[in-house]
Amino acid sequence: FLELVREKFYDDAAFYRVMKGYVAQFGIHKDPRTSELWRLKRTFDDPRKQSNKKGTVAFAHSGPNTRTTQVFVNLADNSSRLDGQNFVPFGKVISGMDV
């Protein structure tokens with residue numbers, strides 16, 4: 001995630017999926033070619049050390065070891081819905097959740 005931020009991948013990226021009381025998702029670059037290059041750089045899953053509580057941030061995935069650039073913010077305590085599906089929080093929103 002830090003590498004993507006440093007490379008300005010998320011600059012001008014829009015939240016494209018917002019489900020009230022569930023998640024807000026982003027992570028598609030404005031240039032499809034750039035998105036495709038990063039999509040090919042999948043990373044292995046990290047072990048989960050915390051639950052998908054409100055305000056935590058995790059990578060989206062479509063199965064084991066399929067994380068790419070798409071990230072979501074938990075808008076509620078989703079631990080019962082997402083922990084068993086191996087969504088691994090790696091950060092937390094520390095201000096601005098009201099936005």
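Ala, Val, Leu, Ile, Met, Phe, Trp, Tyr, Cys and Pro are taken as nonpolar here, Asp, Glu, Lys and Arg as charged, and the others, Gly among them, as polar. The model is predicted, so local features need pLDDT of at least 70 and side-chain atom pairs count only at pLDDT 80 or more, while totals for chains, interfaces and linings use all residues. Residues are numbered from 1 along each chain as its sequence is written, and side-chain values use heavy atoms, with hydrogens and water left out.

Start with strand β4, residues 71-74 (strands are DSSP runs of E, at least two residues, numbered from the N terminus). In a regular strand, side chains alternate between the two faces of the sheet. Here both faces are covered: Val 71 and Val 73 on one side, and Phe 72 and Asn 74 on the other, are all buried (under 20% relative accessible area, with a 1.4 Å probe and protein chains only). Strand β2, residues 23-26, pairs with β4 in the antiparallel sense over four bridges, and Phe 26 has Val 71 as its bridge partner. Strand β3, residues 56-59, also runs antiparallel to β4, joined by three bridges, with Val 57 opposite Val 73. Pairing calls for at least two DSSP bridges between the strands.

Asn 74 sits in β4 and counts as buried because its relative accessibility is 0%. Its side chain makes a polar contact of 2.8 Å with that of Asn 78 (N or O atoms within 3.5 Å, one able to donate a hydrogen and the other to accept it, with sequence-adjacent residues counted only if both atoms are side-chain atoms). Leaving aside neighbours within four places in sequence, Asn 74 is in contact with residues including Tyr 22, Lys 54, Leu 82 and Met 97 (heavy atoms within 4.5 Å).

Now for the pockets. A pocket is an open set of points on a 1 Å grid over the protein atoms alone, where a 1.4 Å probe fits, with protein on both sides within 12 Å along at least five of seven lines; lining residues have an atom within 4 Å of a point. The largest pocket has a volume of about 250 Å³, and its lining comprises eight nonpolar, three polar and one charged residues. Among them are Phe 15, Lys 54, Val 73 and Met 97. The second largest pocket comes in at about 210 Å³, lined by nine nonpolar, one polar and one charged residues. Phe 15, Phe 26, Val 57 and Val 73 are among those, and strand β5 (residues 89-92) gives the largest share, three residues. Volume here is the space filled by probe spheres set on the points, joined across faces, edges and corners.

Definitions and conventions: Buried < 20%, exposed > 50% of the residue type's maximum accessible area, 1.4 Å probe, protein only.
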